[in-house]
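Welcome! Take a moment to look over the sequence and the model before reading on.

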Amino acid sequence: MSLTYAQLQTQIGNYLVRTDLSAYIPSFITMGENEINRRLDVLQREEISSFTWASGTDTYSMTTLNAGIDSILMLWKTTNNVYEEIVYLEPLQFLQQREISTATGQENYYTIQGGETIVFDRTADQNYTVTAPIIKK
């Protein structure tokens, strides 16, 4: 359904059922447009990247993942052709979890250190493929 700006204002007024807010309807429309544009912008900057978590390491530099990365949405590992999420923990929770487990093997948890380094909860016992949906700057 296509609406003119005047029809949109009328529709919003009918929805609100409050005549005292009529003067604010243009601001509501502007705020809605801004939110839609922010969400669409993020979708246009999203891409999927993969990297190899190397045997004998427990970190990975995000700078080698993709230049101009803004954020990582999540990480997945591939085990027997099945994707499993690697759970993000806040740094304090991560340190507590890491103290519990000093094992090597597949990662279960990760955190971001200094905005540039992914730190896993254990040292890799072999090379693992990790997939990450990222947001570019």
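The sections below go from the overall layout to single residues.

## How to read the model

This is a predicted model, in which local features need pLDDT of at least 70 and side-chain atom pairs count only at pLDDT 80 or more, while totals for chains, interfaces and linings use all residues. Residues are numbered from 1 along each chain as its sequence is written, and side-chain values use heavy atoms, leaving out hydrogens and water.

The predictor's confidence in each residue is called pLDDT and runs from 0 to 100. For the protein chain the mean pLDDT is 82, and 88% of the residues reach 70 or more. Helix H1 (residues 5-16) has the highest confidence at 91, whereas strand S3 (residues 69-72) has the lowest, at a mean of 70. Where pLDDT is low, the predicted coordinates should not be read in detail.

## Overall layout

The protein chain has four helices and eight strands. Both kinds of element are DSSP runs numbered from the N terminus: helices (H or I) have at least four residues, strands (E) at least two. Along the sequence, their order is α-α-β-β-α-β-β-β-α-β-β-β.

Of the 137 residues in the protein chain, 28% are buried. Here buried means under 20% relative accessible area, exposed means over 50%, and partly exposed lies in between (1.4 Å probe, protein chains only). A contact means heavy atoms within 4.5 Å. Among contacts between residues at least 6 apart in sequence, 59% join residues at least 24 apart.

## The nonpolar core

A nonpolar core is a set of buried Ala, Val, Leu, Ile, Met, Phe, Trp, Tyr and Cys residues joined through side-chain atoms within 4.5 Å. The largest one has 15 residues, and Phe51, Ile72, Leu75, Tyr110, Ile118 and Phe120 touch the most other members. Strands S1 (46-53), S7 (117-120) and S8 (128-136) each supply at least two residues of this core, and S8 gives the most, with four.

Beyond its neighbours within four places in sequence, Tyr110 is in contact with residues including Ile72, Leu75, Phe94, Ile118 and Phe120.

## Aromatic pairs

Five aromatic pairs turn up in the whole structure. Rings of Phe, Tyr and Trp (its six-membered ring) pair if their centres lie within 6.5 Å; planes under 30 degrees apart count as stacked, over 60 as edge-to-face and the rest as tilted. One of the pairs, Trp53 with Phe120, is tilted, at 4.4 Å centre to centre and 40 degrees between the planes. This pair joins strand S1 to strand S7, across 67 residues of the chain.

Both Trp53 and Phe120 are buried, and together with Tyr128 they form one aromatic cluster. Thr59, in strand S2 (residues 59-61), touches residues including Trp53 and Phe120.

## Charged side chains

Which side chains meet in a salt bridge at 2.8 Å, N to O? They are those of Asp20 and Arg18. A salt bridge is a side-chain nitrogen of Lys or Arg within 4 Å of a carboxyl oxygen of Asp or Glu, and the whole structure has two. Asp20 is partly exposed at 49% relative accessibility, as is Arg18 at 45%. The other bridge joins Arg122 and Asp121 (3.5 Å, N to O); Arg122 is buried at 15%, and so is Asp121 at 3%.

Glu107 sits in the loop between helix H4 (91-100) and strand S6 (109-113). Glu107 is buried yet has no salt bridge, and the nearest side chain of opposite charge, Lys77, is 4.6 Å away. In these charge assignments, Lys and Arg count as positive and Asp and Glu as negative, while His and the chain ends are not counted.
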